[in-house]
Amino acid sequence: MQKRARDRGLSPITRQFQKFVVGERTNINIDPSIHKGQPHVRFHGHTGTVVGMQGSSYLIDVMMGDMKKQVIVSPEHLRKSK
């Protein structure tokens, strides 16, 4: 995973301070410049529901086919779903 040439460098710090509430839908969009709290690559681009918190990270339920998977993701790798 790499960023485009124009997007390289540090990400905005406001992404670390995002707040999500339980039940909110989020998109998992991995930021390759931040390795901490990064989910597995297979979850990139998936949409899930916030179930709770674990430390400063969020527990996200993601449907993979017929199975529901629970992923621990740092807020830098999440976007609010529209």
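Trainee: Which residue in the turn of the β2–β3 hairpin has a positive phi?

Mentor: β2 and β3 form a hairpin, with two residues between them. Strands here are DSSP runs of E, at least two residues long, numbered from the N terminus. The turn residue with a positive phi, about 70°, is Gly-55.

Trainee: What kind of model is this?

Mentor: Residues are numbered from 1 along each chain as its sequence is written, and side-chain values use heavy atoms, leaving out hydrogens and water. Local features need pLDDT of at least 70, side-chain atom pairs count only at pLDDT 80 or more, and totals for chains, interfaces and linings use all residues, for this model is predicted.

Trainee: How many bridges pair β2 with β3?

Mentor: β3 covers residues 57–64. Two strands pair if DSSP finds at least two bridges between them.

Trainee: Which residue in β2 is the bridge partner of Thr-26?

Mentor: Look at β1, residues 25–28, and β2, residues 47–54. They run antiparallel, joined by three bridges. In β2, the partner of Thr-26 is Gly-48.

Trainee: What type of aromatic pair do Phe-20 and Tyr-58 form?

Mentor: The structure holds one aromatic pair. Ring centres must lie within 6.5 Å; planes under 30 degrees apart are stacked, over 60 edge-to-face, the rest tilted. The centres of Phe-20 and Tyr-58 are 5.3 Å apart and their planes stand at 90°, so the pair is edge-to-face.

Trainee: How many residues apart are Phe-20 and Tyr-58?

Mentor: Phe-20 lies in the segment before β1, and Tyr-58 in strand β3.

Trainee: Is His-77 buried or exposed?

Mentor: His-77 lies in the loop between β4 and β5. Its contacts (heavy atoms within 4.5 Å) beyond four places in sequence include Asn-27, Ile-28, Asp-31 and Pro-39. Its relative accessibility is 0%, so His-77 counts as buried.

Trainee: What is the relative accessibility of Ser-74?

Mentor: Ser-74 sits in the loop between β4 (67–73) and β5 (78–80). Leaving aside neighbours within four places in sequence, Ser-74 is in contact with Lys-36, Gly-37 and Ser-57. Ser-74 counts as buried because its relative accessibility is 8%.

Note on methods: Helices (H or I, at least four residues) and strands (E, at least two) are DSSP runs, numbered from the N terminus. Buried means under 20% relative accessible area, exposed over 50%, partly exposed in between (1.4 Å probe, protein chains only). Rings of Phe, Tyr and Trp (its six-membered ring) pair if their centres lie within 6.5 Å; planes under 30 degrees apart count as stacked, over 60 as edge-to-face and the rest as tilted.
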